[in-house]
Amino acid sequence: MGDLLSCHAIDNPDFHSELALLQKYGADVSRDLLERLIRSFGELREMSDSGTFLYPYSTRELVNIVKHIQAYPEDGVTAALCNVLDFEQQDGDIWETIVSILHKHGIPFGAKPTTDIAKR
């Protein structure tokens with residue numbers, strides 16, 4: 001029975017590799033925003049590695065965010081992040097930490113998606 005499933009942990013790519021990958025999915029997304037997202041998610045991953053968060057925010061989430069911004073640029077970064085992070089609102093402490101980290105890296109998460117700051 002154990003022969004049917006095999007799990008393999010794969011590390012997230014380094015900063016430059018992740019940037020190159022995200023630029024392929026988001027050709028029209030600014031490099032500055034991509035770098036801020038990568039740094040934010042890097043910090044979230046560190047918190048997962050240390051046990052602060054249970055969920056390991058991976059490149060998969062970043063790809064989904066960038067694909068959303070590429071396809072629907074009028075939505076802005078806040079709406080794209082909500083698609084990935086809204087579930088975390090169930091835990092107020094985790095939510096506050098995530099919002100704080102995103103703000104620290106210059107991402108206006110928590111702003112209304114229709115405001116100018118959220119569309120940066």
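**View A. Helix 1 and helix 2 cross in a right-handed way.** (Right-handed means that the near helix is turned clockwise from the far one by less than a right angle.) This is a predicted model, where local features need pLDDT of at least 70 and side-chain atom pairs count only at pLDDT 80 or more, while totals for chains, interfaces and linings use all residues. Numbering starts from 1 along each chain as its sequence is written, and side-chain values use heavy atoms, with hydrogens and water left out. The axes of helix 1 and helix 2 come within 10 Å and cross at roughly 130° (lines fitted to C-alpha atoms over the stretch in contact, with angles from 0 to 180 degrees between N-to-C directions). Helices here are DSSP runs of H or I, at least four residues, numbered from the N terminus. On the helix 1 side, Phe-15, Glu-18, Leu-19, Leu-22 and Gln-23 meet Arg-31, Leu-34, Glu-35, Ile-38, Arg-39 and Arg-45 of helix 2 (heavy atoms within 4.5 Å). Sorted by class, this contact has 5 nonpolar, 1 polar and 5 charged residues (Ala, Val, Leu, Ile, Met, Phe, Trp, Tyr, Cys and Pro are nonpolar; Asp, Glu, Lys and Arg charged; the others polar).

**View B. Helix 2 (residues 31-49) meets helix 3 (residues 59-71).** Their axes come within 11 Å and cross at roughly 150°, which makes helix 2 roughly antiparallel to helix 3. This crossing is right-handed too. From helix 2, look for Leu-33, Leu-34, Leu-37, Ile-38, Phe-41 and Arg-45; their partners in helix 3 are Thr-59, Glu-61, Leu-62, Ile-65, Val-66 and Ile-69. The tally for this contact is 9 nonpolar, 1 polar and 2 charged residues.

**View C. Helix 1 (residues 15-25) packs with helix 3 at about 35°.** Here the axes are 9 Å apart, and the crossing is right-handed. Helix 1 brings Glu-18, Leu-21, Leu-22 and Tyr-25, while helix 3 brings Thr-59, Leu-62, Val-63, Val-66, Lys-67 and Gln-70. That gives 6 nonpolar, 2 polar and 2 charged residues.

**View D. Here is the lining of the largest pocket.** Around it sit Ile-10, Asp-11, Asn-12, Gly-42, Arg-45, Glu-46, Ser-48, Asp-49, Pro-56, Tyr-57 and Ser-58. (A pocket is an open set of points on a 1 Å grid where a 1.4 Å probe fits, with protein on both sides within 12 Å along at least five of seven lines; lining residues have an atom within 4 Å of a point.) The lining splits into 3 nonpolar, 4 polar and 4 charged residues.

Terms used. Helix = DSSP H or I, 4+ residues; strand = E, 2+ residues; numbered from the N terminus. Parallel < 35°, antiparallel > 145°, perpendicular 65-115°, else oblique.
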